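Let's take a walk through this protein together, one spot at a time.

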Amino acid sequence: FAPPSTSYYLPLLVYKLPMILADLGVAFLLPRLFSTPTHKQLSRLLWLFNPVSIYVSSVMGQVDTLICFFLVLGLINLNNKRLWLTAFFFGVSALIKPIGFFLIPLLAVDALRRRNLKEAFILPLIGFGTYLLGSAPYLNLPEFRYFAFFPSQNLQSTDAGIALASGLLIPWFYITHSLIVGLLLTKRLSLFTSLGLVVLSSLVFSHFHPQWFVWFTPWLLVLAIKSKQLWLYGLTLLAWLVVLFSFDASLHLGAFLTFRSFVWTIPQTLYFQQLNLLSRAWLIALIPLLALPSHEKTSKS
């Protein structure tokens, strides 16, 4: 059926409803990551008016908000010391997109740091086992293996790296991930911050899809609010918006039904290209910035 000429199209709303409900679910859950009433209220307010989540759930209608919902559930259980539930929810998130794969090993690393060999074995078993059990009914389907189990998008984070020789490239994502593991083992980073930095590093070293940034937004909110540096949150959102508008218009204003009657694009001038590069550089700079001692103290509180 062709969509009507009006701005309201019921099937489109039905398609986006699960993402919108997940978005509201995050707004309900996020305050549980804070201890003071002021921080609780501020986190909910900032999330409800957060352009990243609004864009992902309402404009694009992508499932990344569902991933964010399960990641937040994992973080809440992390705060409550229920790590087996954290591993479970990370495994559930990996059933949608595989970012949880890179988080589950950090739970084992943290257990090793605490010299808890039992948890170091059980937590990855729960996380990866959840994913395998959820995937088992579809493993015989070649379409599932190609488009979901081994999709080419999984390798986007490894595109950029240090070329040591012809055909040998060490991805920046692997370098950063290894550094985070080392800092976690030597007790220079908390588990909460380490998880967030892994999510961030999986994005910034690639030409990431703009909706993926919602995965990292809960960590950004928590670290900015607890450290009382909301400028960090605002500047990062501004950088994300610049990156968003560097994409084709169909991925931002063109996604609105009311904007389909005309073509609207950002002039790809040299100045805007440099601004886009500067914005992407800021997102990369967030990795060492959020690992500084001032943010580490707040993430442990």
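Start by finding K226 and F34. The charged end of K226 sits over the ring of F34, 5.8 Å from the ring's centre. Keep in mind as you look around that this is a predicted model.

The label follows from the cut-off, because planes over 60 degrees apart count as edge-to-face. How buried or exposed are these two? F88 is partly exposed, with a relative accessible area of 32%. F89 has 14% relative accessibility and counts as buried, because the limit for buried is under 20%.

Now move on to F192 and W219. Their rings make a tilted pair, 6.3 Å from centre to centre and with 45 degrees between the planes. This pair links distant parts of the chain: F192 belongs to helix α10 (residues 191–204), W219 belongs to helix α11 (residues 217–226), and the two are 27 residues apart. Both F192 and W219 are buried. Rings can gather in groups as well, and F101, F128 and Y131 make up one aromatic cluster.

Next, turn to the surface. Which residues form a nonpolar patch there? They are L17, L21, L24, L45, L48 and F49, and together they have about 600 Å² of accessible area. Two helices, α1 (10–29) and α2 (37–48), each supply at least two residues of this patch. Helix α1 gives the most, with three residues. Zoom in on L21, which lies in helix α1. Is L21 buried or exposed? With a relative accessible area of 51%, L21 is exposed, because the cut-off for exposed is over 50%.

For a last stop, look for H177 in helix α9 (residues 172–185). H177 has a relative accessibility of 15%, so this residue counts as buried. And what is H177 in contact with, once you leave aside its neighbours within four places in sequence? The answer is F102, L106 and V198.

Note on methods
Residues are numbered from 1 along each chain as its sequence is written. This is a predicted model: local features need pLDDT of at least 70, side-chain atom pairs count only at pLDDT 80 or more; totals for chains, interfaces and linings use all residues. Side-chain values use heavy atoms; hydrogens and water are left out. Buried means under 20% relative accessible area, exposed over 50%, partly exposed in between (1.4 Å probe, protein chains only). Rings of Phe, Tyr and Trp (its six-membered ring) pair if their centres lie within 6.5 Å; planes under 30 degrees apart count as stacked, over 60 as edge-to-face and the rest as tilted. Helices (H or I, at least four residues) and strands (E, at least two) are DSSP runs, numbered from the N terminus. A charge sits over a ring if NZ of Lys or CZ of Arg is within 6 Å of the ring centre and within 35 degrees of the ring normal. Patches are made of residues with over 30% relative accessible area and no salt bridge: like charges are joined within 9 Å, nonpolar side chains (Val, Leu, Ile, Met, Phe, Trp, Tyr) within 5 Å. Accessible areas come from the Shrake-Rupley method with a 1.4 Å probe; for residues, only the protein chains shown count as cover. A salt bridge is a side-chain nitrogen of Lys or Arg within 4 Å of a carboxyl oxygen of Asp or Glu. Contact means heavy atoms within 4.5 Å.
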